[in-house]
Amino acid sequence: MDDRRLERLLRSLHATEPSRRVLDRICGACAEATAAQGAGVSLIVDRQSEVLGSSDARAARVESLQGEFAEGPCFDAIAQLRPYYEPDLTSPGAMRRWPSFAPAAAADGVGAVFAFPLVTGGIALGALDVYATGAGPLDDEQVSDSLMFADLAALAVDNALGSSTIDGVSLVTEAAESWAYSSVVHNASGMISEQLQIGVDEALLRLRAFAFVTGRKVADLARLVLDRAVRIEPWTDDG
Amino acid sequence: MAEAARGRELALIDALVHLADTLVDDYDVIEFLQFLTERCVELSEVDEAAVMLTNPTGHLQSVAASTERTRLLELFELQNQDGPCLDAFRTGEVVVSGDLAAEVDRWPTFAPRAMEVGFSAVHSVPLRLRREVIGALNLLRVSTGKLDDADARLVRALSDIATIGLIQERTIKGSQSTSAGLQNALTSRIRIEQAKGVLAERRSVSTDAAFDMLRGYARHHRLKISEVAADIVTRRLDIATVTGGGDTPGTD
């Protein structure tokens, strides 16, 4: 990445309204930099999602549509751990792939969606979605810009999971370090690690993120996992 | 009475000799503390005992208990909100209550929950490392009433031994940092809790049963429970071979 582009991206971030939440600002700057019509960020675990930021009202609406129907490019991006592009949301392929989301988003004026996974520690916690009103692909520069904003958003989300606020907006979250947790949380991490065949640290991260999107305390969720009342599912790649 | 007192003294000496032996050997701090909590229950008029240590975030974490049961561990950990252990840790003084029913105002979270699971009295002794308090030995009684003087002295002696064990851990591991022994005990404990979860899932059993498997395997193969736990968590050990009490031939 050349320095000028970084400078331009930081400037566009700086130019956003300072009183807005940091993820809203990232989305706003992303839409601005890529000349798209909107962008949104969602935290997604186990097909449950929480909209954490958006550039504008329509982006927020379309973002929650993906969560509501539990379908859309962001789910594909997360399952595959790589960007997922739909340059024409009204195409028969898109309508087949997302039978609920695609028509609803198209009805709200969205023509194309480009989803970028928010990757932290090798796993996807959510996605940044870039929305365009017209159909057509992003060019290379728009893709690299979006990837950078996705990295920024991943940092902000990861940070938010470990603190109680995003820019002063209170969220149901607890500390990030494993020290802060009680024995049931460690039991549950071990259990999830065996269920999903992932490391215990990643399992703890998944548990925290799931607690976050479902508005539960980590220890309460851990108890449900131990009682086998809740199961955190692996990402699947079948759409 | 003199016979009983003498019997207890002999048992205490036995326990001390065993503890001293464990300390000179290549030893496992978790097992050492577990042995110590079991001796508390055996030698004094208490029904459950746990060693709680402060961790890097300032939380009290239970690292060893006389009975390894999740519900009991949760009760001990509940004291991060209020309870005798937290008070002993904060004040550096022994904290006693002979009747939890009278302590609901003092410990609004802990007292009702402890009574709910069947305990009536508590005794907490701070663990001191030089001038610093690093945790507390927490003792629970099913019946009301305080420990008598002899028992109170005995558990104080055992709490000193717990601290020595933690210092020894640091010396053995050759670390320069005062808190390294403590940190190692805490980390080992987290590994054990994670390993219980892995085993519970693989075997479709409770975490309590998983702990029995873990301990049974470690004993049968003469391994440290902390090491077995770490190997389970990192999948260096084939979990399929870990069963309770050595009832299947191992691979040793």
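Two residues are in contact here if their C-beta atoms, placed from the backbone, lie within 7 Å. Keep that cut-off in mind for the exercises below, and remember that this is a predicted model.

**Exercise 1. Find which residues A:Leu207 touches, leaving out residues up to four places away in sequence.**

Solution. Begin with the cut-off: a partner needs its C-beta atom within 7 Å. Leaving out the sequence neighbours, the partners of A:Leu207 are A:Ala188, A:Ser189, A:Ile192, A:Val218, A:Leu221 and A:Ala222. As a general point, nonpolar side chains tend to be buried together in soluble globular proteins.

**Exercise 2. Describe the side of chain A that touches chain B.**

Solution. First, count both sides: 19 residues of chain A are in contact with 21 residues of chain B. Then look for the main contributor on the chain A side, which is helix α8 (residues 183-196), with eleven residues. Finally, sort the chain A side by type: eight residues are nonpolar, nine polar and two charged.

**Exercise 3. Work out how strand β1 of chain B (residues 48-54) is covered and paired.**

Solution. Start with burial: seven of the seven residues of β1(B) are buried.

Then take the partners in turn. With strand β5 (residues 132-141) of chain B, β1(B) pairs in the antiparallel sense over six bridges, and B:Met52 has B:Ala136 as its bridge partner there. With strand β2 (residues 60-65) of chain B, the pairing is antiparallel over five bridges, and B:Leu53 stands opposite B:Gln61. Last, check the connection: β1(B) and β2(B) form a hairpin with five residues between them, and B:Gly58 in the turn has a positive phi of about 85°.

**Exercise 4. Decide where the buried residues lie around helix α9 of chain B (residues 225-233).**

Solution. List them first: B:Ile225, B:Ser226, B:Val228, B:Ala229, B:Ile232 and B:Val233. Now look down the axis of α9(B): these buried residues fall within an arc of 165°, so they line one face of the helix. To finish, step just past α9(B), where B:Arg235 takes a positive phi of about 60°.

Notes: Residues numbered from 1 in each chain as written. Chains lettered and ligands numbered in written order. Predicted model: local features only at pLDDT ≥ 70, side-chain atom pairs only at ≥ 80, totals over all residues. Buried ≥ 20, exposed ≤ 12 C-beta atoms within 10 Å, placed from the backbone. Helix = DSSP H or I, 4+ residues; strand = E, 2+ residues; numbered from the N terminus. Arc of directions from axis to C-beta. Nonpolar A, V, L, I, M, F, W, Y, C, P; charged D, E, K, R; others polar. Pairing = 2+ DSSP bridges.
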